[in-house]
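Here is a short briefing on a protein model. Please look over the sequence and the structure first.

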Amino acid sequence: MIRVLLADDQSLVRAGFRALLGAQPDIEVAGEAADGAEALALVRELRPDVVLMDIRMPLLDGLAATRKITAEPEFDGVKVVMLTTFELDEYVFEAIRSGASGFLVKDTEPEELLRAVRAVVDGDALLSPGVTRRLIAEFAARSKEPAAAAGLGGLTEREREVMALVGIGLSNEEIARRLVVSPLTAKTHVSRAMVKLGARDRAQLVVLAYESGLVRPGWLG
């Protein structure tokens, strides 16, 4: 059973998500929070698998709450998916850099929301089911200047290649077709790169791909 915490200051949004998620046989809504401070307290109390976290909330906003959650080793198993009203939200890429496993637009299709919740639990988090590679590059362009790629020295050439493809938004299946390997092999390379770089999940691997200079903003593959 996947346990989800809803954190949004709009009760109608929470009610809609609760109705959708609660109707699934493998998902339960563990709790609800109306602000970031309450969300942080409930994460500590309930230890949910996934937190659907609104970016803009009173008392403590979603970004600050996410940083606190991802900074605590005891919350390593908790995945945060940010909620935003607009796809081009200026805080989205910063949210991913803060440790969020991805983000969703609030009016996303129900199937995409359910897929995203299950994906982050499986460790296959995406930046967002609805975000195009162009948007990924646009957010990356707003990030800090690339650091030296020396930090990737522990990766094999194939792992670097796979990491770059993850960075431009390809799924494991698309990577497998591009490299003419099986999806399982692609997933193995992604997992090894994550372990070697200490990335929490796939979303953080995307950030590292840009920040290391392995992928350049505007390169769409």
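Predicted model: local features only at pLDDT ≥ 70, side-chain atom pairs only at ≥ 80, totals over all residues.

Residues are numbered from 1 along each chain as its sequence is written, and side-chain values use heavy atoms, with hydrogens and water left out.

**Overall**
- The protein chain has 10 helices and 5 strands. These are DSSP runs numbered from the N terminus (helices H or I, at least four residues; strands E, at least two).
- Of its 221 residues, 50% count as buried. Buried means under 20% relative accessible area, exposed over 50%, and partly exposed in between (1.4 Å probe, protein chains only).

**The sheet**
- The 5 strands form an open, parallel sheet in the order β2-β1-β3-β4-β5. Two strands pair if DSSP finds at least two bridges between them.
- β2 (27-33) and β5 stand at the edges with a single partner strand each, so one side of each has no neighbour in the sheet.
- Strand β1 (residues 2-7) is joined to β2 by 6 bridges. Arg3 stands opposite Glu28 in β2.

**Lys106**
- Lys106 sits in the loop between β5 (102-105) and α5 (110-122).
- Its relative accessibility is 16%, so Lys106 counts as buried.
- Its side chain makes a polar contact of 2.9 Å with the side chain of Asp8. A polar contact is a pair of N or O atoms within 3.5 Å; within protein, one must be able to donate a hydrogen and the other to accept it, and residues adjacent in sequence count only if both atoms are side-chain atoms.

**Salt bridges**
- The whole structure holds 9 salt bridges. Each is a side-chain nitrogen of Lys or Arg within 4 Å of a carboxyl oxygen of Asp or Glu.
- Asp54 and Lys106 form one of them (3.4 Å, N to O). Asp54 lies in strand β3 and Lys106 in the loop between β5 and α5, so the pair ties together parts 52 residues apart in sequence.
- Both Asp54 and Lys106 are buried. Salt bridges with shared partners join Asp8, Asp54 and Lys106 into one network.
- Glu32 pairs with Arg14 in a salt bridge, with the closest N and O atoms 2.8 Å apart. Glu32 is in strand β2 and Arg14 in helix α1, 18 residues apart.
- At 26% relative accessibility, Glu32 counts as partly exposed. Arg14, at 14%, counts as buried.
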